[in-house]
Amino acid sequence: MRRTIIVGNWKMNNTIAESVELATAIAEKVGAAKPECEVGIAPTFPALHEVGKVIEWSGVKLAAQNCHYEDDGAFTGEVSARMLAAAGCSYVILGHSERRQLFGETSDIVNRKVKKALAEGLRVILCVGETLDERERGVTGEIVTAQVVEGLAEVADISNLVIAYEPVWAIGTGRTATKEQAQEVHASIRSTIEGLYGEQAARHLRIQYGGSVKPSNAAELFGMPDIDGGLIGGASLKVEDFMAIIEAAG
Ligand code: PGA
């Protein structure tokens, strides 16, 4: 059985004080509800350490939104996987479409980050997904498969990997993939993984859906056989909505 995983991607939102306040509220609710699913939150870099301190007792995991692929050195503005691990992170989100589109991250860069983060003992949430144009051209399968294969090049062990399928056209737009559309891509990702890593690894891999997940659509998405949770943007900034999504995950 795969344990469902819900992670809140806070993106570039909240000061340290605001992050600690939101994280404290989430930790209290999750700590009391003790959901079966795994729960994580991904604040901005400056807030990571303080947020880590207030969620530790609750079982909520600390995640970062990005990292660099070198350990240290002359890389102004960057943060390494080693630093994130030392700051208390369990997870790092890599290859988010906003990183790919707005900051020029290629699959090669994403792959280097994946390898470094795994080597540092972090769990990786590797994001993949097609644009609206790619969906309309009927190349969703090829695009997503290429992102998975290239993102995982030279990665031998995927036991600390989660994949997040996030159709770019559904992120922050209020437009969610239907449960059937999402299931189709999730199943194809799992079969790509089976081809690369074998049946058992594919069966164990958790694949999250992301893109306008909200309390009203969470349960139907999470009910699909190959959807193992969600990467939640906007709705993770509101305690009530995030908790409702966690409840929908069981
Ligand atoms: P959204 O973002 O839930 O606001 O659409 C999801 C994501 O980008 O991870």
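# Exercises on a predicted model

The ligand shell is made up of Asn9, Lys11, His96, Glu166, Ala170, Ile171, Gly172, Gly211, Ser212, Leu231, Gly233 and Gly234. The model is predicted.

## Exercise 1: the ligand shell

Solution. 
- Step 1. Move to glycine 233. A polar backbone atom of this residue lies 2.9 Å from an oxygen atom of the ligand.
- Step 2. Check the cover. The ligand alone exposes 280 Å², and the protein buries 95% of that.

## Exercise 2: the two sides of H11

Determine which residues of helix H11 (residues 239–249) are buried, and which are exposed.

Solution. 
- Step 1. List the buried positions. They are Val239, Phe242, Met243, Ile245, Ile246 and Ala249.
- Step 2. Recall the helix geometry. An α-helix has 3.6 residues a turn, so residues three or four places apart point the same way.
- Step 3. Turn to the other side of H11. Glu240 and Glu247 are exposed there.
- Step 4. Identify the cover. The buried residues of H11 are covered by elements including strand S1 (5–9), helix H1 (16–33), strand S2 (38–42), helix H10 (215–222) and strand S8 (229–232).
- Step 5. Look past the helix. Glycine 250 follows H11, and its phi is positive, near 85°.

## Exercise 3: aspartate 226

Is aspartate 226 buried or exposed? What does its side chain contact?

Solution. 
- Step 1. Locate the residue. Aspartate 226 lies in the loop between H10 and S8.
- Step 2. Apply the cut-off. Buried means under 20% relative accessible area. Aspartate 226 has 14% relative accessibility, so it counts as buried.
- Step 3. Find the side-chain partner. Aspartate 226 makes a polar contact with the side chain of glutamine 183, at 2.8 Å.
- Step 4. Beyond neighbours within four places in sequence, aspartate 226 contacts Arg2, Gln183, His186, Ala187, Arg190 and Ile207.

## Exercise 4: leucine 196

Solution. 
- Step 1. Leucine 152 is 44 residues from leucine 196 in sequence, with 9.4 Å between their C-alpha atoms.

Definitions and conventions. Residues are numbered from 1 along each chain as its sequence is written. This is a predicted model: local features need pLDDT of at least 70, side-chain atom pairs count only at pLDDT 80 or more; totals for chains, interfaces and linings use all residues. Side-chain values use heavy atoms; hydrogens and water are left out. Buried means under 20% relative accessible area, exposed over 50%, partly exposed in between (1.4 Å probe, protein chains only). Helices (H or I, at least four residues) and strands (E, at least two) are DSSP runs, numbered from the N terminus. Contact means heavy atoms within 4.5 Å. A residue is near a molecule or strand if one of its heavy atoms lies within 4 Å of it. A polar contact is a pair of N or O atoms within 3.5 Å; within protein, one must be able to donate a hydrogen and the other to accept it, and residues adjacent in sequence count only if both atoms are side-chain atoms. Accessible areas come from the Shrake-Rupley method with a 1.4 Å probe; for residues, only the protein chains shown count as cover.
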